[in-house]
Amino acid sequence: MTDRPRILRPSRRLLLGAALAAPALRAFPARAAGEVIVRTPGGTYDDVMRRHVYDPFTKETGIEVRPVAATSAKLLAMFRANNVELDLIDTGDGQLLTLERMGALAPIAYDKWRWSKPEDITAEVKNQYRVANFVYCTVLGYNKEHFAGGAPDSWADFWNAGKFPGPRMLSDMASGSANLEFALLADGVPKDKLYPLDVDRALKAMDRIRPQIRRFWDTGALSAQMLSDKEVVAGSIWNGRLQVLIDRKAPLAYTWNEHMIQVQALGIFKDAKNIAGAQLLADYMLQPEVQAKYSRDLIYGPTNTKAFPLLSEEERARAPGGERSRQTGFYQNVTWWEDNRDRVNRIWSRWLQR
Amino acid sequence: MAAGAVALEGVTKRYGAETVVADVSLAIAPGEFFTLLGPSGSGKTTTLSILAGFVTADAGRVLLGGQDMTQVPPRGRGLGMVFQNYAIFPHLDVAGNVAFPLAVKRVPKAEIATRVAEALALVKLTGFEGRYPRQLSGGQQQRVALARAIVARPGIVLMDEPLGALDKNLRYHMQVEIKEISRRLGTTVIYVTHDQEEALTMSDRIAIMEHGRIAQMGPPREVYERPDNAFVAAFLGEANLLPARRDGTGVAGPGGARLEAGAGTLPGAEGLLFIRPEKLGIAPGTAAEGPNSLAGRVRHASFLGNTVRYAVEVAEGAVLVCDAPNGAGTVLHAAGDSVLLRWRAEDCRLLAG
Amino acid sequence: MPLTLRATLLLLLPALLLLSGLFLLPIGWFLTASIAELGTWPEILEEAEAVLLSGAVGRSLLTTGWIGLVVTLLTLLLGYPVSYALSRVRGAAFTAILLCIVLPYFTSTIVRTYAWMVLLGRNGLINQILLGLGLVAEPVNLLYNRTGVIIGMTYVLLPYMVLTLYAAMKAVDQRLLQAAEGMGASPGQIFLRVFMPLTLHGVVAGLLITFILAIGFFVTPALMGGPGDVMVAMLIEREVEITQNWPSAALMTIVLLAVTLSLYAVYSRFAEPGEAVR
């Protein structure tokens, strides 16, 4: 899409954007002077961030922060319509990569940072146009009661329905990506040799487990619900979602073995009205003390290496990222996914309906 | 008893506190053209519905062809019916509509075709078989309804105001045709109408209904000329109803005029004398001459062509209507003229007030 | 009184403006601009072939059509008696039935669908009852499979069928039914020879409108379906949200729109007033 002739771009970009963004354009009330508008996943996330990031930031700088929700398509539409209503984008790394490739983002001003030190940020998640504010991961979660006699501890175990029977779930493309990595791990591919993913091999492995798959989940809420309602007894699930259930005394558990780390990152629209404010907020958000606070509440992993020592032993045990992830987990390669999402989606849709 | 005989015995129907049909009994002979006549709300349509079986009577019996059909549902009664709105099926063509009563009885197709053709010929609709109701005029729809009612050769046909929706000319035409067809087929017809002229023209016998009761029953001429009560007298055509009272020597009218009636009596001290306008003779004069004569003054004269209608005021402010034939050499009276009205004792009746 | 063409247009103008402003123009733009992004005509055709003949779309169309058909027939089967009852009662009973049918529409589709998930889950109410009565030994899978999609969609679409049928049944002249009875027809014959033919246009209209709505369904199959229950609208949503391949989404939209519009053309023929009804 990006390498197509650009001759007709401006007018088409305007036209298309206007069409799709029409409902989006009026979605947010007029901005206050100096305010930073930030896209967030919404929900309780906003409450945590307001307490630990936005309010202290306003107190320190006098700059107001307003979180708004927006889907991927809406972000895209805004950019195409030349009507960027947000400054800072707090979203999945893959989504940011899409925007980056479209030329929608401004570089992160690492040299102007005053609160955070660029060298403290984990190298894997520090890019020219996007910088991670936390990592989360997809783990193998299961029902402790169902697997009282021995729980699956690897994706090979998960694929072994004979030894570990029961209905299962994995993610659908509609959640962002399908769990092809886990299929390959189960099929014997070492975790440092996963990328580029062998899609055919992954789907062949998927064929074997598919009869046990009750559903491919498309939202985090659904995956949590299926596991807590015992619709499934095992499956891939985001660690934060699962931890909330465990903290509520659900008989669930997970293994850190072969977890897939995914990255949430910050990016700044190059056409944003308040680029300076957005840069400041990104800088503020990533400092060790702040990161430690919101990571603790969200059960996510800090990206600032200096934040880990600020967490208690118990908290570190729950958080993805850091040293343990380096040993037992792997980073999802968003670049590969970004390059192949179209193709995989098509193959996946066909495979689903076989 | 023959197939066409109909009888109701003590039939009563109530809706809540209101008695719609009150103890109605009647017997209709096979082949008779019988009319239920009455104003709206008099119970005639309910009586017909009880006959048809759409309405169950609270008391009494319904006998059709001598059999007790009181508990039999409509489809078991084997009646032909023409409905007020024709109730022609819009999704069926003419042939399909007429064939309906036969088709539901699973009559063989070939026989249906013959009988439908016969019925359509009878109502002069041959050639209209494939038309749909929406392509027909009101009169044609009426004929379809008629053909459908007779196609199964029922001994009894019920008709509920079948001509109500037609204009006057067409109505007259259809009256003749219905009568003609029923006579030809020998069918018993029970006909409901509120149109007294229609009832008089078509019927062998008429039952006049009032408040759910039969006020009088008899051949048209009898009910017209010898009404049993003031309601029947006034409902059928024009009637003069003069106040009458008993005195020492006999019956006295307005101004003490002597009245002699060929029939009827006054049940009490006071009542009415019934006399049709066309039975009154009118001549110039100023004083009564013997019984059944009244002197008066012409208040109003209307020229109607073959008759002249006079409104004559007599003693005590009573007004009589008199229809005088516009015969050869008739002298017309003008408003204000003094006239003398006379009539024959056998043309008038005494009725309860 | 028949309206002149001008008066008719004038009366329709506000609705037309609204529709074109909020629907036709945006969707027209979306389709043309997205597809124009593909480049020249040969490039567009090549992409169309790749997208539409990829197998996923074809299969999804079959799935969509099949689910739509089953759901539509089920709504007819369930809706016909309900509509009949609705057309025959008055007063409180009428209000009660109508409310039962329409009430779910005051809640969002997602809430309703979640309610179904509570009922139909492996440990849901229905399975607990079945297990409790000893009718089944293992929980029955009513959710996250084709059965779930069909139950959910039938429920959501039933009101459209019921109300369409109700309109047709209410228009049936009751005197025709009485006439048929008087002419010797049994209750079965009255239904088959009179009532059903007179409501047939309503049945056709109900089938078409329900089917048209069914094939555009997205939320219910996405929430209640199993791995293979991919309807076309879900594919389109993925292209828009996940891969952000709008040209591809536009091509699929055109296919779905074409199917819908051709069905609508059939529908408008049957919904023609004054033809079937007197």
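Over residues 190-219 of chain C, the chain is 90% helix and 0% strand, with the end C-alpha atoms 41 Å apart (helices are DSSP runs of H or I, at least four residues, and strands are runs of E, at least two, numbered from the N terminus). Residues 249-267 of chain C come out as 100% helix and 0% strand, and here the end C-alpha atoms sit 26 Å apart. Both stretches carry the UniProt label "transmembrane region", from an unreviewed entry that also puts it on residues 57-80, 92-115 and 149-169 of chain C. Such annotations may be inferred rather than shown by experiment.

A word on the ground rules: this is a predicted model, where local features need pLDDT of at least 70 and side-chain atom pairs count only at pLDDT 80 or more, while totals for chains, interfaces and linings use all residues. Residues are numbered from 1 along each chain as its sequence is written, chains are lettered from A in the order in which they are written, and side-chain values use heavy atoms, with hydrogens and water left out.

Chain A averages a pLDDT (the predictor's confidence in each residue, from 0 to 100) of 89, and 91% of its residues score at least 70. Residues 1-27 of chain A fall below 50, although this stretch still has 46 contacts beyond near neighbours in sequence (contact means heavy atoms within 4.5 Å). Where pLDDT is low, the predicted coordinates should not be read in detail.

Next comes the meeting of chains C and B. Together they bury about 2000 Å², 63% of it on carbon and sulfur atoms (buried area is the accessible area, with a 1.4 Å probe, that two parts lose on being put together, summed over both). Chain C brings 20 residues to the contact and chain B brings 21. On the chain C side, helix 8 (174-182) and helix 9 (187-215) each supply at least two residues, and helix 8 gives the most, with seven.

Inside chain B, B:N97 lies in helix 2 (residues 94-103). B:N97 counts as buried because its relative accessibility is 1% (buried means under 20% relative accessible area, exposed over 50%, partly exposed in between, with a 1.4 Å probe and protein chains only). A polar atom of the B:N97 side chain lies 3.0 Å from the backbone oxygen of B:L92. Leaving aside neighbours within four places in sequence, B:N97 touches residues including B:F89, B:P133 and B:R148.

Over in chain A, A:G322 belongs to helix 13 (residues 322-328). At 22% relative accessibility, A:G322 is partly exposed.

Terms used: A polar contact is a pair of N or O atoms within 3.5 Å; within protein, one must be able to donate a hydrogen and the other to accept it, and residues adjacent in sequence count only if both atoms are side-chain atoms.
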